[in-house]
Structures are given as structure tokens and as C-alpha cells.
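Here are some notes to read alongside the structure, taken point by point. Please keep the sequence and the 3D view open while you go through them.

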Amino acid sequence: MRAWSVLLPLLAACGPSEEEIGQLVVDAFHAENPPGAFGAEIGGKGVWYSAGFLDPDCLTSRDLAHADEPSTRPSSDRTTPRMSPRYETQNWITYSTPRGWCLSLGKDAEIKVDGVRKVGGYYEVDTTISVADPTPYWGCMTDGSVKRVVEVRKGDDGQFAVASPVGLYRGACPVPLPGGADRLGGVRPAAPPAAPPTQAEVRALAERFDTALFERKYQEALGMVSCVNLFEKKPFGACSVGELVGLGPQFHTEIGPEHGAPWLEYGVQSPAEFGKITADKADPTVFHVSVTHRRTHRPRTFALQWVDGGWRLYGVVSLKGEGLTSMRFLYDLDQRDRRDVFERRLAGEQIDEKGNALDPYDEPAK
């Protein structure tokens, strides 16, 4: 936690008033928590994420996340609560950091001073923190995270300063925090293009999307995708930023821990490796792009779809992951068996992506 720079000089021999002490805390809070949408950083890149500011019992009772059982961990690692967001609420995860993820909590945080008391040579200030437009996760903040006792102490220079943390666990999350997206599905695109996509158009789109993921501009990247979410009642377009934050660039080499798995699954190193473009046999809006996977040497395809007068990458959300659920692009929808299962699921059949009976947990949202 950074040192506080908001100081209160001793203006009188009798010391500052309670109002001045309280205002010092308010000013320090606003300096640490700028206006705008904000999120807290949850730590981890696997299945479980550390989030000591959230109440585990609240998360499970409100069906927001799964809570880890501390007894299953080594004795040296049982102090920090850990959670794994449910698919239904991962749309509130809108950004990736080197350490973990940014969980949206609300916007325009405020602090209210409930009381000031002098304790020896310092002050204790009782406070309550509130936010505008809170997300469901804000309702599971621990009592100590929202109602804090803030200490104000006099330093060696004779000035009073806030000596307790007043931040909201932002970590490496930016302010304002980029927004997410509600999973609002629409109708299946039907208007065909005047002509198939060219190699130049496919490569340019893939490069723009790749750069957006590299720069962690997830909203921008989502705008380049025609997404089909097989866990939603209206699957077409029913994707959030939460289904992209776990993915990373395929063509950029200077990647870091903030970048997820490459969106083309390590299949190619550059768009120059894209192969033949073929029309879909049933859907006139869809075209398939062939690649030879660099690791398996097997033929694979990703797809493009013509939507609202432009080309978009075809992303599919079909399998819930442990941790975050991500859309897939290298999905081989030109293959008969793959396409058959895909269309059956679109028609409402309760099967998984392999054609097996669907686990009740994975039923599409009602």
C-alpha cells in the first residue's frame, strides 16, 4: 500500500478538530479511489482465485461463486479465502492482470465518516464505504472491507496522516475499469455477403483481433466476434467480455502472465499460414479458413461470419471450464460430426459438445 500524501498540518496548539480529522480520511479515500467504474483484483490464473475481501458463505449462498475448502490445502496456505466464479457471474470479470483478474464491483466509491475518537496521541475514525451501481459481488464484501476503522496519526514532521489502508483492493486493475457485457442474445444472422472474404480481409481481421487481445482491449475484441453461446437460451451474440479475458494473442511474441491461452490454440505463428477459404455447406453467412496445426500437423479450421455488413470471427462457447469459461475459435465447424452436434445443441437438444447427454449443471439458461 502506497504511503498517503494527503496530510493535515497542525493549525492550532489544541490540535485538529474531529471534522478536520474526518475530512482527512475522506480526502485520502478519494485520492486512492478515483471516480468511475472500479474493480478489485482477485489473484490466480488457474481454477481458484484469492479474494480475502469477499465472504465465502455469501458467495455460495447467492450462487455467485464456488468457495474453496481450506482443509483441502496445505496447512501453510489456509488463511486466504479462495473462490471460483460460476459461469453465470463471470461476466463481472472484465480485465486480466499479471497476477489475476479484475472483478467489477461498482462505480464512484464513497466513504462516510460515522465517528471520530481520540486514542492517546492518535485518532480512530469509523467509516462506511458505499458504491453506485453495485454489482452482485459488492453485496458479498466482508464487513471489515466495507466498515473500517481508519487510524490517523501524527508523523515526525508534526503533521497528521492517514495510517490505515483505504483502497478497495484494486491491485493492478485500471480505473476506470473497462466494462463487461450482458449476455443478450439475438437472432441468427441470415443476410449473406455479396462475395466471400478474401485472404487479405481474413488476415487483417485476425491481426486486429490479435492486437486487441494483446493490448487487453476486450470490449474492442468482442466487437470483432460473432459469438454463439450454447449455454444461453438465445445463443447468438450472447457472450460477455468474461468469455474473452482468459484468451491471449496468437501472433505477438512479447506476451506476459496477463495474457491467456492463444485464441488459435498454438495452431499458427502468423496469418501468412492461413490456407484455403471455403463456403459453409448450409449457412451462406459462414466461411471456413483452413490451417495446418503446427503442433499436431492436423488440418483444422476456424470460421468467419458476415454480420451487419462486415466480417467477424466465429466464436463458440460450448464447454464450461474449471475457473473461467472461454469461447473457442479453432472449432472445425466444417466437419460433419462436429457440425451435427453443434446444430442439435442449437435446436435445444440436451447434449454436450461430444453428443453425450448433458449434465444438468450445464443446461442452457432459462
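Predicted model: local features only at pLDDT ≥ 70, side-chain atom pairs only at ≥ 80, totals over all residues.

1. Turning to the chain as a whole, you will find six helices and 17 strands, and the C-alpha atoms fill a box of roughly 85 × 40 × 40 Å when it is taken along the principal axes. Of the contacts between residues at least 6 apart in sequence, 64% join residues that are at least 24 apart.

2. On the matter of burial and surface, 48% of the 366 residues in the chain are buried, while the accessible surface comes to about 17,400 Å², with 51% of that surface belonging to carbon and sulfur atoms.

3. As for charge, the chain carries 41 positive and 50 negative side chains, and the centres of these two sets lie 5 Å apart.

4. Is R339 buried or exposed? R339 counts as buried because its relative accessible area is 14%, and the cut-off for buried is under 20%. Leaving aside residues up to four places away in sequence, R339 touches R188, D280, A282, D283, H288 and L333.

Key
Residues numbered from 1 in each chain as written. Heavy atoms only, no water. Buried < 20%, exposed > 50% of the residue type's maximum accessible area, 1.4 Å probe, protein only. Contact = heavy atoms within 4.5 Å. Helix = DSSP H or I, 4+ residues; strand = E, 2+ residues; numbered from the N terminus. Areas by Shrake-Rupley, 256 points an atom, 1.4 Å probe, with all protein chains shown as cover. Lys, Arg positive; Asp, Glu negative; His and termini not counted. Charge placed at Lys NZ, Arg CZ, Asp CG, Glu CD.
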